[in-house]
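Subject: Handover of a structural model

Dear colleague,

Please find below the sequence and structure that I am passing on to you. A summary of what was found follows.

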Amino acid sequence: PQSYSEFTMKRVIICDDHDLVTHLLQTWLTLEKSLEVIGTYNRGLDVVQAVQNLKPDILIQDLQLPDISGIEVIQRLRDTKMPLQIYAITGRADLARAALEAGASGCMLKDESPDELLRALRSDLQGGIWLSPMLAAHFFKANKAFTDYKLTNTEITILTHLNKTNAEIAELLMLSEGRVRNVASSVYQKLGVETREEAIHIARNMLLINYE
């Protein structure tokens, strides 16, 4: 007869482009009797195919890969409508926000204890999302910063596209270039910077806006 742990065992795939990280995660997860690692991959396209073929319960997904980004992996898998929990791991909080927006079930930073990941995998999300404590603190600070800077919705929209030219932003948002320039100037003033590069730096590091 099956034991309780065997009956509830969840099948896991890991995708990370660093073999050491993959090995450490695999070793750590084997300590959890309810988890079985059924595959490890280091390229995004390979893991998309593997998930569709093997139909795991859980994917642990790095966000910076050599071919397609982990964000795109998440988006592609969510488009398949497969019942899959996806936990993103990253060294960058701005990518974490983008992963959750793409459909990740949860996210943690790479310099956190693997214990946090195990807690997430044991939990029943019931449609919600899981954030590691360190990442939750980053998000709280980012939300407070948005409030403190008093940016309008239009300013936030322009700020999220500052890696493009004014002409590209104008075409994308169906605004005049003059309007884009004026709003961008207002953003610089509120952020206390003088250049586009400085604004992007604050947006990425304090407001966790992802430009990739």
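This is a predicted model, in which local features need pLDDT of at least 70 and side-chain atom pairs count only at pLDDT 80 or more, while totals for chains, interfaces and linings use all residues. Residues are numbered from 1 along each chain as its sequence is written, and side-chain values use heavy atoms, with hydrogens and water left out.

Overall description

The chain contains 11 helices and 6 strands; helices (H or I, at least four residues) and strands (E, at least two) are DSSP runs, numbered from the N terminus. Along the principal axes, its C-alpha atoms fill a box of roughly 70 × 30 × 30 Å. Of the 212 residues in the chain, 44% are buried, where buried means under 20% relative accessible area, exposed over 50%, and partly exposed in between (1.4 Å probe, protein chains only). The chain exposes about 11400 Å², and carbon and sulfur atoms supply 52% of this area; accessible areas come from the Shrake-Rupley method with a 1.4 Å probe, and for residues only the protein chains shown count as cover.

Among contacts (heavy atoms within 4.5 Å) between residues at least 6 apart in sequence, 65% join residues at least 24 apart. There are 22 positive and 28 negative side chains, and the centres of the two sets lie 5 Å apart. Lys and Arg count as positive and Asp and Glu as negative, without His and the chain ends; each charge is placed at NZ of Lys, CZ of Arg, CG of Asp or CD of Glu.

Strand 1 and its partners

Strand 1 (residues 10–15) pairs in the parallel sense with strand 2 (residues 35–41) over 6 bridges; two strands pair if DSSP finds at least two bridges between them. The chain passes from strand 1 through helix 2 (residues 19–29) to strand 2 in a right-handed β-α-β crossover, that is, the path runs clockwise from the first strand over the helix to the second with the strands pointing away from the viewer. Strand 1 also runs parallel to strand 3 (residues 58–62), to which 4 bridges join it. Ile 13 has Gly 39 of strand 2 as its bridge partner and stands opposite Leu 59 in strand 3.

Two lysines with positive phi

Most residues other than glycine have a negative phi. Lys 81, in the loop between helix 4 (70–79) and strand 4 (85–90), has a positive phi of about 65 degrees. Lys 81 is exposed, at 71% relative accessibility. Lys 150, in the loop between helix 7 (133–149) and helix 8 (153–159), has a positive phi near 55 degrees. Its relative accessible area of 63% makes Lys 150 exposed.

Yours sincerely
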